[in-house]
Amino acid sequence: MKPIKTIFSFMLLGLVLGKCDNGTGSSNSPSLKAGIAKSDWGIVEGKKVYLFTLVNDKRTKVTITNYGGTVTSFITPDKNGVKSSIIIGFDSLQPYLQQPPYFGALVGRYANRIGNAKFTLDGKTYQLAANNGKNTLHGGLKGFDKVVWDATTPSDTIPSLVLHYLSRDGEEGFPGDLDVTVKYTLTEDNGLKIEYNATTDKPTPVNLTNHSYFNLSGDVTNSILNETLMIDADYYTPVDSTLIPNGEIQSVKGTPFDFTTTKKIGRDIDEVKGGYDHNWVLNKKGDSLQLAAELSDSISGRTMEVFTTQPGLQFYTGNFLDGKFINRGGKPINLHTALCLETQHFPDSPNKTNFPSTILKPGEIYHEVTIYKVSIR
Ligand code: GLA
């Protein structure tokens, strides 16, 4: 796309969406043009919250709010061309303020758990808030999912949104000013690309992820236990009863954790107490972008590939979903009706010397990329 056309498209999208679509419904509007549109979504702690709608040339649509950096929908066609969101969520800000369990959110400063809510770094012990039993989960009481990010929309040739947040020294107990930038891009081949960058002025643990819940059928009345999954991982990290890794790196062979060849998610789930909520050690070598997982759904014909530079993948089968929150369209989000594929470093790494380090030092740049790419098979 030529730049001049892009600018025109952006303006046009603004006009089109402004009039007939708030950017979140499962609209099949033929007038939808590629680009990005911005609409007011409310105010939180005196800061303006917006909803951004990214549309590519295929008319695939992603909506993202700068409240929590949350992806609220990812609307793609099924095998019959019918569009719906494969990410659960809400079409207004209010339910996001009721603290749903991280629906679509950017999670930090440390995604996943830190055991006993503390870690020691360079001889000093840092006490964090225990917001998950005695452990810290997803950054603490007010993680990156509950703050308003600054948002800019670069006039790239493809629709993208840049979010920025400065996490202050001491915030939720973590050391150092952490400067975080996350760029969301909707690619031409229907990939939701997420690029994370961060720098710090003191050594600090950093683990950033996105906590979108997927149901590829686009309908939460369909259980995700019928979807099929491949995870390219020969090992996983077993956990204790509070979901803190015991430090072992264990082979998946002969266990319900073996997803090396595609299988139905529900096939062995009964053998895992509480359901899947574990970190898989990806087979990838180094930090290049590689395929980590592939999820498919036969009802809609959709397949989603997950590519990442990260070493781990937390696969969570929505074990704590209990119908308390209602998805767009009015259906309750019940147990096992959505799943997460959270690309990240291993849980509790700050307390596990044998896990890849999550410590970012001054002068270093934290950089991770994940792509969720949807197609019809
Ligand atoms: C993560 C955790 C789960 C759960 C959800 C939110 O995926 O691993 O145990 O806390 O977040 O409910």
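**Close-up views of a predicted model**

**View 1. The loop that holds Arg59.** Arg59 turns up in the loop between strand E2 (47–55) and strand E3 (61–65); strands here are DSSP runs of at least two residues, numbered from the N terminus. Arg59 isn't a glycine, yet its phi is positive, near 70°. This is a predicted model, with local features needing pLDDT of at least 70 and side-chain atom pairs counting only at pLDDT 80 or more, while totals for chains, interfaces and linings use all residues. Residue numbers run from 1 along each chain as its sequence is written, and side-chain values use heavy atoms, with hydrogens and water left out.

**View 2. A cis peptide bond at Arg109.** Going from Gly108 to Arg109, the peptide bond is cis, with omega near 0°. Arg109 sits in the loop between strand E6 (105–107) and strand E7 (113–114).

**View 3. The largest pocket.** This one has a volume of about 410 Å³. Pro101, Tyr102, Asn132, Leu137 and His138 are the closest to its centre, out of 20 lining residues. (On a 1 Å grid over the protein atoms alone, a pocket is an open set of points with protein on both sides within 12 Å along at least five of seven lines; a cavity is a set where a 1.4 Å probe fits but cannot get out; lining residues have an atom within 4 Å of a point.) The volume is the space filled by probe spheres set on the points, which are joined across faces, edges and corners. By class, the lining splits into 8 nonpolar, 8 polar and 4 charged residues.

**View 4. The ligand and its contacts.** The ligand takes up the largest pocket (more than half of its atoms lie within 2 Å of the grid points). Around it are 13 residues, with Arg113, His138, His211, Asp277 and Glu342 the closest; a residue counts if one of its heavy atoms lies within 4 Å. That shell has 7 nonpolar, 3 polar and 3 charged residues. Ligand oxygen atoms lie 2.9 Å from a polar side-chain atom of His138, 2.8 Å from a side-chain N or O atom of His211 and 2.3 Å from a polar side-chain atom of Asp277. Taken alone, the ligand exposes 300 Å², and the protein buries 95% of that (Shrake-Rupley areas, 1.4 Å probe).

**View 5. The largest cavity.** The whole structure has 4 cavities of 30 Å³ or more, and the largest has a volume of about 100 Å³. Its lining includes Tyr67, Tyr96, Tyr102, Phe103, Asp145 and Lys146. By class, that lining has 6 nonpolar, 2 polar and 2 charged residues.

Definitions and conventions. Ala, Val, Leu, Ile, Met, Phe, Trp, Tyr, Cys and Pro count as nonpolar, Asp, Glu, Lys and Arg as charged, and the others, Gly among them, as polar. A polar contact is a pair of N or O atoms within 3.5 Å; within protein, one must be able to donate a hydrogen and the other to accept it, and residues adjacent in sequence count only if both atoms are side-chain atoms. Helices (H or I, at least four residues) and strands (E, at least two) are DSSP runs, numbered from the N terminus.
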